[in-house]
Amino acid sequence: MNVIETRGLAKRYGSHTVLSGIDLEVPRGSIYALLGPNGAGKTTTLRLLTGLARPSGGSVWIAGQDARRPQARRSLGALIESPALYPHLSGLDNLRVYAADLGATPARMHEVLEVVGLGAVAKRLVGRYSLGMRQRLGIALALLGDPQVLILDEPQNGLDPQGMRDMRTLLSELNGMGHTLMVSSHLLGEVQQLATHVGLMSGGCLTFQGEMAALLEQTRGLLRVEVDDAPTAARLLIALDPDVQVSGNTLTLRAEAALVARALVLGGVDLHRLEPDGPGLEERYFDLTGSGQGVRA
């Protein structure tokens with residue numbers, strides 16, 4: 001069952017289309033990562049899901065309810081961009097500012113601070129918090145209303161390696177507590193370790209959506225073969241993979257290495273090199289988003 005669904009979600013500013021026909025499906029209990037280059041529409045999508053912006057078309061459903069209904073919004077907790085914190089107040093007092101509107105009790109405030117690892121510094125001024133601590137406090141704010149779904153925009157952005165590892169651990173723990181997580185990120189290595197599902201965006205469109213394992217499977221089992229006679233090699237190997245690709249004297253196909261080598265030797269083709277050609281998540285990301293200039297938020 002999906003806890004977030006959109007159908008034909010669109011956003012336009014005058015004649016400029018930012019999002020075009022987005023059909024998101026975020027399974028309950030998943031960690032769904034939204035990836036894409038700068039300007040792909042990730043943050044706009046998150047703002048539409050959380051009610052911070054109005055769609056130009058399409059629909060949003062949260063926990064089986066129309067997102068325009070107040071009870072649907074109460075199913076969400078969100079941290080979009082940098083958390084709005086008061087540096088002259090303590091972490092606990094920052095929560096108090098928002099607690100009344102969310103109906104959160106003092107016990108709930110202390111509970112979420114413990115969950116995010118800030119219980120021991122609850123009375124410290126936020127101005128003395130590290131970046132990672134401020135990110136954690138922002139997540140504590142999002143947790144105050146005990147939402148089914150957490151939507152987090154770049155929760156690991158700017159953190160050092162230890163901070164990223166700690167944040168990854170926290171997000172996994174929150175998922176284990178029953179929260180569905182939807183995160184945007186440009187940190188592909190972190191996403192690969194964390195996410196169960198992924199959506200890739202480019203130019204305001206969704207170019208891939210599905211399980212992380214399915215995306216990674218598309219990068220496995222590929223071989224790069226260099227030979228002296230590519231046309232003959234292609235005729236020999238087409239039985240192993242009808243989609244064998246030829247570029248100069250190099251062939252790329254999905255097959256077992258031993259079978260490839262045997263077919264070429266028996267066919268009299270000199271084999272110069274045979275090696276895995278698994279591009280990994282980063283190259284698959286570039287393939288599906290059309291981005292070759294680096295990974296950006």
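Helix α6 spans residues 161-176, and its 16 residues reach 23 Å from the first C-alpha to the last, close to the 22 Å expected at 1.5 Å a residue. The model is predicted.

**Exercise 1.** Determine which residues of α6 are buried and how they are arranged around the helix axis.

*Solution.* 
Step 1. Take buried to mean under 20% relative accessible area. The buried residues of α6 are then Gly-163, Met-164, Met-167, Arg-168, Leu-170, Leu-171, Leu-174 and Asn-175.
Step 2. Look down the axis of α6: the buried residues fall within an arc of 165°, so they line one face of the helix.
Step 3. Turn to the face away from the buried side, which carries the exposed residues Pro-161, Arg-165 and Gly-176.

**Exercise 2.** Find the elements against which the buried residues of α6 pack, and describe the phi of Gly-178, which follows the helix.

*Solution.* 
Step 1. The packing partners include the strands β4 (31-35), β8 (149-153) and β9 (180-184).
Step 2. The buried residues also pack against the helices α4 (106-115), α5 (131-143) and α7 (188-194).
Step 3. After α6 comes Gly-178, with a positive phi near 110°.

**Exercise 3.** Identify the residues that touch the most other members of the largest nonpolar core, then list contacts of Leu-200.

*Solution.* 
Step 1. This core has 49 residues; Leu-95, Leu-118, Leu-137, Ile-139, Leu-171, Leu-174 and Leu-200 touch the most other members.
Step 2. The element giving the most to this core is α5, with seven residues.
Step 3. Neighbours within four places in sequence aside, the contacts of Leu-200 include Leu-35, Phe-208, Leu-215, Tyr-285 and Leu-288.
Step 4. A second, separate core has 25 residues, among them Tyr-32, Ala-67, Ala-72 and Met-182.

Definitions and conventions: Residues numbered from 1 in each chain as written. Predicted model: local features only at pLDDT ≥ 70, side-chain atom pairs only at ≥ 80, totals over all residues. Heavy atoms only, no water. Helix = DSSP H or I, 4+ residues; strand = E, 2+ residues; numbered from the N terminus. Expected span 1.5 Å × (residues − 1). Buried < 20%, exposed > 50% of the residue type's maximum accessible area, 1.4 Å probe, protein only. Arc of directions from axis to C-beta. Contact = heavy atoms within 4.5 Å. Core = buried A, V, L, I, M, F, W, Y, C linked by side-chain atoms within 4.5 Å.
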